[in-house]
Amino acid sequence: MPQWLERELEERRLNRLDLLIWPVGLAVATLWALPFVWMVSTSFKFPADVMTQDIEWLPSRVTFDNYIKVFEYPVVRWGINSLIQATLATFFCVLFGAMAGYALARMHFPGRNLLFVIFLASLMIPVEVSVIPLLLAFVKVGWASSYQALILPAIGNVFSVYIFRQFFLTFPAELEDAAKMDGAGPFNLFFRIALPLARAPAIAASVIIFTLNWNSFLWPLLVTFDESMKTLPVGVAAFTPVVGTRTQIEGYSVAMAAVTILSIPSLLLFCFLQRYFIQGISQGSIKQ
Amino acid sequence: MAAIELKNVAKSFGNVAVIQGVDLSVEHGEFIVFVGPSGCGKSTLLRMICGLEPITSGALSIGGKPMQGVAPAKRGVAMVFQNYALYPHMTVAENMGFSLLMERVPRKEREARVKRAAETLQLGELLGRRPKELSGGQRQRVAIGRAIVRDPQVFLFDEPLSNLDAELRVQMRLELAKLHRKLGATMIYVTHDQTEAMTLADRIVVLRSGVIEQIGTPLEIYAAPRNRFVAGFMGSPKMSFLAAKVVRTSGREVTLAVEGMSPATVDIELRKAERLADQVTLGIRPEHFRMKGGQGPRLQARIDFVERLGGDSYLHAPDHPAGGLIIRQSDAVPVKPDAMPVTIGVDWPEVHLFAAGGQAIELKRESLSES
């Protein structure tokens with residue numbers, strides 16, 4: 001290895017393996033970013049420029065018509081629905097996940113570990129299996145096509161329980177002891193001591209669960225019967241061009257504009273909370 | 001009525017007994033130190049007193065009231081933890097006032113009590129800061145302040161100074177002693193540092209494997225350890241132990257032979273006649289060796305290593321045939337490690353004798369000084 005490279009590695013506190021890991025990581029990251037770049041780029045293209053002989057990564061001519069066309073539909077209404085659904089579902093999901101995670105990590109009761117295994121095992125049940133009985137249940141109680149129907153099934157999320165359990169496993173026992181000595185019961189101990197200190201896992205869980213809910217498609221599609229209760233992904237699906245017609249070509253750029261709008265909130269959330277997100281995800285996997 | 005009374009208190013984790021039938025009575029205003037090696041059960045005993053660890057059997061009373069089923073916060077005790085255990089998201093004032101908030105003490109009174117405790121500990125300037133903005137010593141003072149605010153009958157300290165550097169530890173030790181004098185409250189303090197135990201305690205409780213080995217004032221324990229474990233544990237550097245053979249016994253008179261000692265046999269008189277096994281152990285503290293003089297027999301030993309502490313030096317002679325020696329030398333001229341053996345005198349009236357099982361045998365010291 002040339003001397004200048006060795007010096008460079010030492011300065012940047014990297015080892016030789018990093019020389020391999022970094023280019024591979026960069027290549028994978030680029031591969032993942034390409035569809036996103038293509039989506040944003042296409043959303044600013046004229047319909048005629050979408051299907052071309054040569055790949056046009058950046059549009060040669062820029063237009064905002066696609067976005068204007070998208071807003072001819074009740075996109076704002078769908079967006080509000082999505083926002084209400086995703087925000088409330090995330091709030092309750094994180095709150096209950098933290099409570100369950102805390103109980104599973106810090107409270108001693110018979111069957112604690114078995115319960116956690118059952119929680120994890122529920123991840124193996126595909127959504128498609130439970131979605132029809134769930135729909136029938138909501139229709140029966142008269143909650144179909146309502147916010148309750150959009151939010152309630154999304155509250156129970158095992159991932160949130162898992163991420164909080166891992167965090168609370170590493171929670172200092174002395175803090176709990178100090179709180180008990182100070183006279184805090186389980187309720188105060190959780191809400192005044194444990195939860196305020198669980199900012200990193202709360203943010204990580206919030207970003208992931210918000211994104212999941214924001215992008216949720218199958219359940220909102222089945223449970224919303226009228227246009228005004230549709231969520232953004234369900235509404236945007238209407239822009240999908242039908243194969244074999246002229247709209248296939250004309251519609252692509254409009255569809256991409258719609259999907260770009262759809263992805264903005266998750267993207268912003270991730271960008272702002274990236275630091276906490278990575279901290280929360282890696283909790284427990286590395287020695288703190 | 002004692003401040004704290006433990007009667008035959010025991011604690012087991014599954015089949016492992018960590019505290020075995022402890023009896024202890026702590027008087028009001030006493031400063032008691034639990035001392036012992038790691039894993040001896042001293043912290044567990046403290047946690048049992050404050051209610052964080054349930055008692056397997058036996059009875060505990062605080063201020064004359066039985067404590068069975070009483071929650072930690074209702075026992076009238078406050079605890080200072082080893083790692084401070086301050087709530088990182090709260091300010092110093094919020095940390096100190098948290099217990100009062102839990103007791104639903106009105107805000108004004110809460111603030112007044114926090115302020116009073118902060119003045120006692122000179123924390124007034126720091127009330128708005130969070131724990132991460134404080135130094136180790138300041139954090140420890142906040143932890144103590146949090147305990148004071150509750151105005152408890154009993155303070156419990158679980159190795160509170162072990163995370164501080166040497167200088168700060170000495171300073172905080174003095175502050176704790178002053179605080180005890182000022183508040184006059186009962187204090188129980190856990191440490192594995194025998195210097196802390198000696199300097200702070202009214203009485204020391206020496207523990208080993210969940211059993212109390214000895215209870216006494218620091219000087220009692222230092223001067224008259226009940227067994228070889230206590231003798232070895234209390235005192236730094238530790239007592240030197242020499243293997244001795246019992247050559248002859250006649251009533252209270254015993255003649256011992258110690259390898260590497262001249263004369264070859266020495267007489268010793270016991271306080272009362274006892275049947276001794278063939279092998280016993282002589283115990284000599286570092287300050288009871290003399291490089292020059294000494295009233296008793298002499299030992300030949302090769303000095304292998306010298307620790308110089310400024311005023312004092314400690315000479316190590318690990319190869320002595322009867323057992324390794326550690327000798328304190330306060331003279332200005334330090335001895336250097338040398339291949340040639342040197343002659344070391346012993347203050348014979350100060351020696352300790354231990355039976356084969358480790359228990360101390362009482363000596364008639366007046367007669368030793370005559371020999």
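Buried area, as I use the term here, is the accessible area (1.4 Å probe) that two parts lose on being put together, summed over both.

I am working on a predicted model, in which local features need pLDDT of at least 70 and side-chain atom pairs count only at pLDDT 80 or more, whereas totals for chains, interfaces and linings use all residues. Residues are numbered from 1 along each chain as its sequence is written, chains are lettered from A and ligands numbered from 1 in the order in which they are written, and side-chain values use heavy atoms, with hydrogens and water left out.

**Entry 1: chain B against chain A.** I looked up the area buried between chain B and chain A and found about 1600 Å², of which carbon and sulfur atoms give 68%. On the chain B side, Tyr87(B), His89(B) and Met102(B) lose the most area to chain A, and together they account for 32% of what that side buries. Taking contact as heavy atoms within 4.5 Å, I find 24 residues of chain B touching 15 residues of chain A. For salt bridges (a side-chain nitrogen of Lys or Arg within 4 Å of a carboxyl oxygen of Asp or Glu), the count between the two chains is 1. I note that the side chains of Asp177(A) and Arg47(B) meet in a salt bridge, at 2.7 Å from N to O. Polar contacts are pairs of N or O atoms within 3.5 Å, where within protein one must be able to donate a hydrogen and the other to accept it, and residues adjacent in sequence count only if both atoms are side-chain atoms; between chain B and chain A I find 7 residue pairs of this kind, both residues at pLDDT 80 or more.

**Entry 2: the domains of chain A.** The bounds come from an automatic or database domain assignment, which gives domain 1 (3–65) and domain 2 (68–281) for chain A. Their C-alpha centres lie 30 Å apart, and the contact takes 11 residues from domain 1 and 12 residues from domain 2. Together these domains of chain A bury about 1000 Å², 74% of it on carbon and sulfur atoms. Within domain 1 of chain A, Met39(A), Pro47(A) and Asp65(A) supply 45% of the area buried against domain 2, more than any other three residues.

**Entry 3: the domains of chain B.** Chain B is divided into domain 1 (4–225) and domain 2 (237–370), with 39 Å between their C-alpha centres. The contact takes 4 residues from domain 1 and 5 residues from domain 2, and the two domains of chain B bury about 370 Å² between them, 46% of it on carbon and sulfur atoms. Tyr222(B), Ala223(B) and Pro225(B) lose the most area on the domain 1 side, together 99% of what that side buries. The count of salt bridges is 0 here, while 2 residue pairs are in polar contact.

**Entry 4: nonpolar cores.** A nonpolar core is a set of buried Ala, Val, Leu, Ile, Met, Phe, Trp, Tyr and Cys residues joined through side-chain atoms within 4.5 Å, buried being under 20% relative accessible area (1.4 Å probe, protein chains only). The largest has 60 residues, and among the members that touch the most others I list Phe164(A), Phe168(A), Phe34(B) and Leu156(B). Apart from this core lies another, of 45 residues, including Val80(B) and Phe229(B).

Conventions:
Buried means under 20% relative accessible area, exposed over 50%, partly exposed in between (1.4 Å probe, protein chains only).
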